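Here is a short briefing on one protein model.

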Amino acid sequence: MPMIYFDHAATTPMHPEAIKAYAEEAAKGPRNPSSLHAEGRAARAALTASRDSIARLLGCDPGELVFTGGGTESDNAALYGAAHAQRQRTGRDRIVTSAIEHHAVLNACSKLEAEGFKLTVLPVDGTGRVLLSAAEEAIGPDTAVVSVMYGNNEVGTLQPIEEIGRLARERGAVMHVDAVQAFGHERLFLQELPIDLLSLSAHKIGGPQGVGVLYVRRGTPFEPTAVGGSQEKSRRAGTENVAGIAAFAKAAELAYADLEERGRELERIRSKLLSALEEELGADSFRINGATEEGARLPHIVNLSFPGISNETMLMNLDLAGVAASAGSACTAGSLQPSHVLLAMGLETHFSQSAIRFSFGMGNNSAEAEKTAKIIATITKRLRKR
Ligand SMILES: Cc1ncc(COP(=O)(O)O)c(C=O)c1O
């Protein structure tokens, strides 16, 4: 039975063109981009081409991009880097973040708190959107860094990044945005956005795992976390993953090439899943968690609760039927903890404990959504009868 893979927010299949770009680069032999010989210079040229390509998509200067080992590293480097530099330069010692951030941000904030930074966690509304009034109140003359994600990885809700970024800018704080889930689905023009630091990850858009980018706007207070060699203009030491970065650049180019068209296809898959569920089960049998209107959420993530059926039971049954989905983020899915995102949204226990995230991407189609709805209906009817 072919698997229906509806867990693209956890990781995506690598695009065949990205695999080709990786293989071509990796096959070129021992090439360290920091070496001065011809081989090294060729690797540097490849790295430069990848950097230029991603910078063009983001509308930034190539020199503002730092290659990292993934989204988590980018988030960590952004928070530690800006917090430490801000405290040293200005004495500012408050971090403002939101309750629905990925643990790569939240746990970095906890570490900074243990170091003596003050922490304010912004609440969200019932759709998972950060309350602007709370940001307005929290960001002040002591704020070193504000970190709010672009689009949430569990429910897909888009955040008021421009408004919060403007507040941060007006009040002298550094603005960090985790755009790991939004990149490749939303066009991010960094020239126009009040963002100082931006985290991206390759494996969410058809690139390889373990490759990421941290955008550091020129002039942003930033102290490197990884120290050693002077790679990445001394902002992240360590030999760059040249082949992985080439594959990331290829995946990013492809994601941008048909971004709107793919967004519409993802919307169709999402709509089909919902309409088929309504038909099979009735609209009262499940609940959509997060923003529902198009434009207020990412197109590839939908979070649904099936009250009366724990998410573990549902996931196990889906897995047996050949459907891969998840409960919350991949990093917490194995931990049986209730999702901090759904809790922050104020979901009652019977909704938060029965929530499943479906996330779509390359290779998916509406027929799979219809089939999945039928499988869910069969599981639900069987389990609810007991
Ligand atoms: C919003 C968000 N931030 C950060 C990460 C971490 O990225 P990586 O897996 O590349 O470390 C993820 C991955 O799930 C994510 O969804």
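Buried means under 20% relative accessible area, exposed means over 50%, and partly exposed lies in between (1.4 Å probe, protein chains only). This is a predicted model: local features need pLDDT of at least 70, side-chain atom pairs count only at pLDDT 80 or more, and totals for chains, interfaces and linings use all residues. Residues are numbered from 1 along each chain as its sequence is written, and side-chain values use heavy atoms, leaving out hydrogens and water.

**Salt bridges**
- The structure holds 19 salt bridges (a side-chain nitrogen of Lys or Arg within 4 Å of a carboxyl oxygen of Asp or Glu).
- Glutamate 73 and arginine 236 form one of them, at 2.7 Å, N to O.
- Glutamate 73 sits in helix α3 (residues 71-90) and arginine 236 in the loop between α7 (231-234) and α8, so the pair ties together parts 163 residues apart in sequence. Helices here are DSSP runs (H or I, at least four residues), numbered from the N terminus.
- Arginine 236 is buried, at 18% relative accessible area. Glutamate 73 is partly exposed, at 25%.
- Glutamate 25 and arginine 31 also pair, at 2.7 Å, N to O. Both are buried.

**Nonpolar core**
- The largest nonpolar core has 61 residues (buried Ala, Val, Leu, Ile, Met, Phe, Trp, Tyr and Cys joined through side-chain atoms within 4.5 Å).
- Helix α8 (residues 242-257) gives the largest share, seven residues.
- Domain 1 (4-12 + 259-385) and domain 2 (16-257) both contribute, so this core lies between them. The domain bounds come from an automatic or database assignment.

Key
Helices (H or I, at least four residues) and strands (E, at least two) are DSSP runs, numbered from the N terminus.
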